[in-house]
There are 2 protein chains.
Amino acid sequence: MGNSTEEDLCSQTTNRDDGDILTILVATDIHLGFEEKDPIRDQDTYDTFEEILKIASAEEVDFILLGGDLFHHSRPSPYCIFKCTELLRRYCLGDKPVEIEFLSDPSRNFHNVYNPTVNYEDPNLNVSIPVFSIHGNHDDPTGQKQISAMDLMSTSGLINYFGRWNNFDKVEVEPILLKKGATKLALYGLSHIKDERLGRLFLDKKVKMMAPEDQDDWFHLLVWHQNRATRGVKNFIPDDSLPDFLDLVIWGHEHDCRIEPERKHNDVYVSQPGSSVATSLAAGEAIPKKVGILKVHHKQFQMIPVDLKTVRPFIFEELVLKNLDDMMNDDNSGLTPNELTLEVVTKKVESMMEEAKQLGRVGKASEKPLIRLNVKCRDERQVFNAIRFGQQYNGRVANPDDMVKCQPIKEPVRRGKGDGKDKITFNDGPVLADRVEDIISKYFAENDTLKGLSIGPLNEGVKRFIDSNNADAVSDVAEFMIKETIEYLATRLPEIEEAENMILACKTVRDEQENLNTIRQVLDKPQKKRSVTNDDVSQRKSSKDDDDGMTIDDDDDDDSNASASPVKGKGLWGDTSNSSKPTRGPGSRGGRGSRGPRRARGKGRAN
Amino acid sequence: MGNSTEEDLCSQTTNRDDGDILTILVATDIHLGFEEKDPIRDQDTYDTFEEILKIASAEEVDFILLGGDLFHHSRPSPYCIFKCTELLRRYCLGDKPVEIEFLSDPSRNFHNVYNPTVNYEDPNLNVSIPVFSIHGNHDDPTGQKQISAMDLMSTSGLINYFGRWNNFDKVEVEPILLKKGATKLALYGLSHIKDERLGRLFLDKKVKMMAPEDQDDWFHLLVWHQNRATRGVKNFIPDDSLPDFLDLVIWGHEHDCRIEPERKHNDVYVSQPGSSVATSLAAGEAIPKKVGILKVHHKQFQMIPVDLKTVRPFIFEELVLKNLDDMMNDDNSGLTPNELTLEVVTKKVESMMEEAKQLGRVGKASEKPLIRLNVKCRDERQVFNAIRFGQQYNGRVANPDDMVKCQPIKEPVRRGKGDGKDKITFNDGPVLADRVEDIISKYFAENDTLKGLSIGPLNEGVKRFIDSNNADAVSDVAEFMIKETIEYLATRLPEIEEAENMILACKTVRDEQENLNTIRQVLDKPQKKRSVTNDDVSQRKSSKDDDDGMTIDDDDDDDSNASASPVKGKGLWGDTSNSSKPTRGPGSRGGRGSRGPRRARGKGRAN
């Protein structure tokens, strides 16, 4: 096993029969339909998906492997389904013969299809490039009969949707077994599972990858879609959870491109391709987007990153303003503090615009970059109206409304007294933003206001509200718990003075069970009431969601640009040390993972 | 030209090469997804669609022709798309060769597809039964980029979607030209257009069917999806609008099965297959549901109706109670009037249940029929709680909640004085229910409250609210007219005392233009605000929509069981006489057309 350098495998390749080399295009988090109502960005995800398919076609790959979140919405718009279908038909059907043998039992790999067969063996379809995909947290099964957008592509025969898992008491992943010439690939897929749940399953040793018997003859490739960066203590899967026998893991869900395989202590390599579209204006999303051409020869592999050219340029920077006095001293033009600030900011933005041009992107998206400048002010006279500032860039950038963020620096900390001047540093370093659940848990822990309701189920409701735009989720959960409590009382019929204690007892029982499955069933039930539309949520957010407040993301992400502080030994499943994530300074690109969608804020937004 | 009897063409067939006979399965208004959230009826539409596809397969038809409303919702649920795709793939792909030649230019027949070709000529798909379909009013293009559910099936290559028309200044239908052996078929398709608009285009002679030059050598078959029964004065297309050269019209949209071709005065035949599912509890929906096997040989054709066996049995009856005194006199058991009434009603319902069994339907739907009994009471002591009555049939019928309707007969009219007794007849005969537009127009005509706004645009807004669940439509239209009026005033700057007159003048100008296109553009614009979900509308309806009030249907239908009084000579386009619709008495089956969806009323309904 091992990651060959490009020279290695390529030079081997030229000297040897290609017939033994499996070539796979690897991509993830394409998020079709993200911002499809935005008049500027509406085609971004489709254009990049087309670029990816063109690369696959040009490279004559044996198949395409997607790591989840092909769709941004679990219930994509008709246009989104239409475009995806059209693109897959255009690029993945045709006369090029498929040279890989399918050796496993397709009925154990593919579920929820009337005809569980790999699409290139369907005699009624002429497939040239098979696509294999798991689902992510965005395109997971939902609603009536739990149909996901991936099921739609699967039922039309355009995607081989695998890795769907319905039994959450244990996970046993049976790989797809593929063979090309002498190379044998065991492809393990695990569609998105809540990290907390999967983490617990790992801890309980209930996650199994069912390797074939002649294990050493196979190249073991896992694709999954989980948090890798820490998002709350329980909510990430550390790299070293991975079974040792795996050769390579394609890690979906994380949007930062870290596609070059990283070798873990147990010799498992992890490649994190990252998203092909920036769904939030965070530092990690500004890392250039790539897909990979993965070549596998026996137990050797090589990942060749390919730059995506159609991705809308995105420049992320942080500008920490000088002390106002210093600024004024440096300037002789007689400008007011505010004018001076605007001059500095404008200069910075213009240089970012220039930088965006240098990225050499092509296509329509290249004309109007995404720009995000976080300006840290030290004095209130430096604060300016960021929205009005952005409006000047209407027509030049894709996101004038949230292009600049003006953030006062709080709590200056004085340190040291060297050389006659006070050195001032600011509390503007990395901050690990809380997850919504953590905030809620903390809130209720500090404010002892919940007598009969439990936090776990409420959090589940909040998650459902966020993930599925189900505005009734929280009240449904609350109603359910109230009903449960009443039933509890009804069977026990306490005296009136005992009632309160009994309500608390009911809560304790519930808390101890920690059984969220019932709650999930409540939430999965067909909704009696209205479910909100995206527009709804967007509106609600813009009213709730101001810059000083809590940010609610679709994807339980934060978009802070704080860099990563690997959390050691804190995982639910024991020792989680050896996280090899690079730490980066504030303001640089490549900070902590920022996946998932962030709906743009602000009221002026066309949507 | 002519409709051969079954004997004719079949006997000819046996003696002659089948190679000249085009065999087409004809069906319409399948309404996939109707009541898919109902725990009892959820699979009805899918089961019947599957039955239809099985018939097509067993009959080895050359193709399937659908007359619109394959989907009940313009934005079908993921499950609905999934099921439809699965069924089409299962039954319409395969090795059976397609024997029809496609002679017209597919790029002029098929729109909005990346690869405008008939699906059986796509080298990447192995089509055994091509499906040709127009869209109806339910599955018309909607939302972003105007994508319809039909587009989804078209882009996946499973349906040849034709007859889409975007230019509403004129309609020029270019037929699909098909040839099998010596038989040449010109297939004209016109997807649903608002009847009022299409009627006006007919009046203005702006509807053209572009027959091929050697017109006499072709069999001319039109499929469209329009009101045929009168629904408000302007809102139906009379049979005799049809160009004389047409041989046969497949008339979609009307749900009553009148599939046997009816010969019109201009020698055009009309076959109205009717829906394959009852979407309202109206008399016309109780006519047995059929599809047709259409055989075409040169200019001869023959329509062989085929009973659908999986359709849920539906018995519709009307029970006019006897005068209470007569009822009491007939009975010696000492029952109260109410008890006696319930006994009569129960007896009737039980006989209907028995009748439902006799229909000999098969499959899951056959177990619980749809029953609708309208009970006409002559005395308030005969009135009973219909909901409670229905609850007794829980588990035995599919629709206990709206199984019985209890309607007092109003306004008895005394006539004649023969033989010593008053003869009493009741005003319970056919009543032509108003359309919503008519009600609104009438309301504002009677209440002179509209100073600046026009009724036409408001009605357009109401229609959009109904058809597209766009809750903002009416206010958007009103806002637009207010803005228009202000602009009108702003360019003229009247004195204050002249302002009111000028507002009226603006309204007059608008009314005279009768140009609803601008309004439609306003309504087509991406919505700034939230759009309501189906559930929303359903909720709003249930509060608005009681039995005594105005009924708002999705489909601008009424569901009255009044029989048709053909309106003569009243159409916008001149003389519309000769409507040959049979008039039927109240209570009989086969009353006036009842198409389109009706959301079930009542609060107790599982949905």
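Start by colouring domain 1 and domain 2 of chain A: their centres, taken over C-alpha atoms, are 39 Å apart. What you see is a predicted model, in which local features need pLDDT of at least 70, side-chain atom pairs count only at pLDDT 80 or more, and totals for chains, interfaces and linings use all residues. Residues are numbered from 1 along each chain as its sequence is written, while chains are lettered from A and ligands numbered from 1 in the order in which they are written.

For the selections, domain 1 is 2-307, domain 2 is 314-397 + 399-425, and domain 3 is 436-524 of chain A; these bounds come from an automatic or database domain assignment.

Next, look where domains 1 and 2 of chain A meet: 9 residues of domain 1 are in contact with 10 of domain 2 (contact means C-beta atoms, placed from the backbone, within 7 Å).

Now select residues 78-92 of chain A, which is helix α3 (helices are DSSP runs of H or I, at least four residues, numbered from the N terminus). Of its 15 residues, 13 are buried (20 or more other C-beta atoms within 10 Å of a residue's own, all placed from the backbone). Just past α3(A), click Gly94(A), with its positive phi of about 155°.

Is His138(A) buried or exposed? Buried, because 30 other C-beta atoms lie within 10 Å. Leaving aside neighbours within four places in sequence, the contacts of His138(A) include His31(A), Asp69(A) and His72(A).

Key. Contact = placed C-beta atoms within 7 Å. Helix = DSSP H or I, 4+ residues; strand = E, 2+ residues; numbered from the N terminus. Expected span 1.5 Å × (residues − 1). Buried ≥ 20, exposed ≤ 12 C-beta atoms within 10 Å, placed from the backbone.
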